[in-house]
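This report covers salt bridges, a strand hairpin, a pocket and aromatic pairs. The sequence and structure come first.

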Amino acid sequence: MSTSLFWLTIYRHLIGHGFPFLKMNSADIISYPLTVGSTLTRIVECGEGDDVVLFIHGVAARADRWVNNLPVIAKNGFRAIAVDLPGHGFAQKGGDFNYTVPGFADFVRNVVDVLALRTPH
């Protein structure tokens, strides 16, 4: 089990045992840090299951811009996940990240791998 997947498991366990400090505005939304390669980022998530909708924000935005959408998607049977791209929101800034479209695409592919998502929409 990767370190990031281990911490995801711990966070989900804490949420299930009444630790509200990890919850965001909605009782169904959680937010947690995730290390993807050498980049620390933030995940905002709602719902559960294998059928995943992955939300990617645009330039100068961040993952929590999707908080009104995540519960709606989750209520329709999906696990809804939003991620802060490097240099945005609570994600790590600077460093040696490749801030290009291909660099962001590689990052998103790595997020999918680290979270062990099968085929996100």
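## Basis

A residue counts as buried under 20% relative accessible area, as exposed over 50%, and as partly exposed in between. The model is predicted.

## Salt bridges between separate parts

The structure contains 6 salt bridges. One of them joins the side chains of Arg42 and Asp64, with 3.4 Å from N to O. Arg42 belongs to strand S2 (residues 39-46), while Asp64 sits in the loop between strand S3 (52-56) and helix H2 (70-75), so this pair ties together parts 22 residues apart in sequence. Both partners are covered: Arg42 is buried at a relative accessible area of 7%, and Asp64 is buried at 16%.

A salt bridge also links Arg118 to Asp50, where the closest N and O atoms are 2.8 Å apart. Asp50 is in the loop between S2 and S3, and Arg118 is in the segment after helix H3 (101-114), so the pair ties together parts 68 residues apart in sequence. Arg118 has a relative accessible area of 62%, which is over the 50% limit, and therefore counts as exposed. Asp50 is exposed as well, at 55%.

Asp106 and Arg109 form a salt bridge whose closest N and O atoms are 2.2 Å apart. The two residues are 3 apart in helix H3, a separation of about one helical turn. Asp106 is partly exposed at 35% relative accessibility, and Arg109 is partly exposed with a relative accessible area of 48%.

Through salt bridges with shared partners, Arg42, Arg62, Asp64 and Asp84 are joined into one network.

Strand S1 spans residues 29-36 and is mostly covered, with 6 of its 8 residues buried. It pairs with S2 in the antiparallel sense over 8 bridges.

By class, the lining residues of the second largest pocket comprise 3 nonpolar, 8 polar and 2 charged.

## Aromatic pairs

There are 5 aromatic pairs in the structure. In the pair of Phe97 and Phe107, the ring centres are 6.0 Å apart and the planes stand at 85°, so the arrangement is edge-to-face. Phe97 lies in the loop between strand S4 (79-83) and H3, and Phe107 in helix H3, so the pair ties together parts 10 residues apart in sequence. Phe97 is buried at 18% relative accessibility, and Phe107 is buried at 3%.

Tyr99 and Phe104 have ring centres 6.2 Å apart and planes at 75°; this pair is therefore edge-to-face. Tyr99 is partly exposed at 37% relative accessibility, whereas Phe104 is buried with a relative accessible area of 17%. Phe97, Tyr99, Phe104 and Phe107 make up one aromatic cluster.

Terms used
Residues numbered from 1 in each chain as written. Predicted model: local features only at pLDDT ≥ 70, side-chain atom pairs only at ≥ 80, totals over all residues. Heavy atoms only, no water. Salt bridge = Lys/Arg side-chain N within 4 Å of Asp/Glu carboxyl O. Helix = DSSP H or I, 4+ residues; strand = E, 2+ residues; numbered from the N terminus. Buried < 20%, exposed > 50% of the residue type's maximum accessible area, 1.4 Å probe, protein only. Pairing = 2+ DSSP bridges. Nonpolar A, V, L, I, M, F, W, Y, C, P; charged D, E, K, R; others polar. Phe/Tyr/Trp six-rings, centres within 6.5 Å; stacked < 30°, edge-to-face > 60°.
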